[in-house]
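Hi everyone, thanks for coming. Today I'd like to walk you through one protein model, step by step. Have a look at it first.

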Amino acid sequence: MNRSLPKTDRHPELVAPSFSRSLRKGLERTLLVTAILFAPIAFAQDTTFKVDVKLVNIFANVTDAKGANVGGLKREDFSLFEDGRKQEIAVFERQSELPLNLVLAIDTSGSVHKDMSEEVGAAKRFVRAILRPQDKMSVIQFATTVQVMAGFTNSVSTIERSLDHLRPDWASAVYDAICQGSGSLGGKDGRKVLVIVSDGDDTAKDLTYDDALEAALRNEVMIYSLIDVPIESSAGRDLGGEHALITLSEQTGGKHFYVGAGGLDQAFAQVSDDLRTQYLLGYYPKNQEPGRVFHRITITIPRAAADVFNVRNKVGYYANATAGEN
């Protein structure tokens with residue numbers, strides 16, 4: 001008898017064909033559901049989400065009731081607020097080693113020009129005292145117009161040569177000089193300082209006080225005003241111009257000094273001392289109010305009575321500031 005193996009034994013894949021098709025369909029559905037459920041997880045693992053939170057750096061000076069600089073304070077001594085909301089201080093330095101970018105703006109108009117050689121000599125001594133290897137300085141003169149005498153450089157000899165070429169003129173474009181100097185500092189890293197030597201009498205009338213203040217704040221520039229008063233009596237002085245320079249310095253976290261008996265040498269020395277005793281406080285803004293263009297900064301020392309210390313810093317910053325990295 002010719003006996004052959006059952007068909008199912010020769011071709012096992014044909015056993016229960018209806019069951020195999022069901023199993024295949026079930027597996028396909030399972031794979032499809034699995035792909036749908038786990039696709040977001042795989043996407044999330046392969047995707048990096050970045051949140052751009054800008055570090056805000058604030059430079060502050062602290063003085064006592066007599067006006068003397070106070071050193072040795074610690075991070076925990078300070079409280080910092082943005083728009084009334086307390087912020088966590090993430091960066092703290094007592095004497096900042098950040099590069100110093102400085103514009104020296106000298107008024108060469110007729111109202112200030114007395115002894116150019118004395119002014120130039122004092123400026124040269126200031127340059128030699130203030131510049132470190134990581135620092136850069138630019139020199140501008142302003143009278144009827146604003147002129148860049150030296151671009152940003154660390155070369156003392158280059159700066160000194162530019163000072164030797166200062167020339168007097170008639171009008172005084174004070175606010176133009178502040179706007180132009182602030183703009184040149186805007187893209188720099190580190191500390192940005194504009195030292196202006198003037199009596200504050202703006203006679204060019206091109207730009208305004210508001211323009212100058214906004215330019216300084218947008219570019220995160222501290223203004224130090226050395227107020228050189230050629231006439232002692234108030235009758236011949238531009239008291240409004242002097243007050244404008246004082247307020248610009250206060251609003252930007254800088255300081256003003258009158259060029260008195262010690263001359264420009266003493267005034268420049270006071271600027272150097274102030275810059276050497278600055279505190280750096282940095283923070284990442286939290287709980288910001290949406291849509292606010294200008295953010296106000298307040299720094300206090302809670303452990304001391306309000307009249308024990310005076311904290312000086314810029315009043316705030318623009319959220320869409322044109323300045324470079326902090």
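First, some ground rules. This is a predicted model, in which local features need pLDDT of at least 70 and side-chain atom pairs count only at pLDDT 80 or more, while totals for chains, interfaces and linings use all residues. Residues are numbered from 1 along each chain as its sequence is written, and side-chain values use heavy atoms, with hydrogens and water left out.

Let's start with the rings. A pair of aromatic rings is described by the distance of the centres and the angle of the planes. Here, rings of Phe, Tyr and Trp (its six-membered ring) pair if their centres lie within 6.5 Å; planes under 30 degrees apart count as stacked, over 60 as edge-to-face and the rest as tilted. How many aromatic pairs does the structure hold? There are six aromatic pairs.

Take Phe78 and Phe92: their ring centres are 5.7 Å apart and their planes are at 50°, so this pair is tilted. Phe78 lies in the loop between strand 1 (56-64) and strand 2 (79-82), and Phe92 is in strand 4 (residues 91-93), 14 residues apart. A word on the numbering: helices (H or I, at least four residues) and strands (E, at least two) are DSSP runs, numbered from the N terminus. Phe78 and Phe92 are both buried, where buried means under 20% relative accessible area, exposed over 50% and partly exposed in between, with a 1.4 Å probe and protein chains only. Together with Tyr279, Phe78 and Phe92 form one aromatic cluster.

Now compare Phe126 and Phe268. Their ring centres are 4.5 Å apart with planes at 20°, so this pair is stacked. The pair links distant parts of the chain, with Phe126 in helix 3 (residues 116-130) and Phe268 in helix 8 (residues 263-276), 142 residues apart. Phe126 is buried, at a relative accessible area of 2%, and Phe268 counts as buried at 2% too.

On to helix 7 (residues 239-251). Its 13 residues, at 1.5 Å a residue, should span 18 Å, and the end C-alpha atoms are 18 Å apart, which agrees; the expected span is 1.5 Å times one less than the number of residues. Among the buried residues of helix 7 are Glu242, Leu245 and Leu248. And what covers them? The cover on the buried residues of helix 7 includes helix 5 (174-185), helix 6 (209-218) and strand 10 (255-258), with contact meaning heavy atoms within 4.5 Å. After helix 7 comes Gly253, whose phi is positive, near 85°.

Finally, the sheets. Two strands pair if DSSP finds at least two bridges between them.

Phe294 stands opposite Tyr318 in strand 14.
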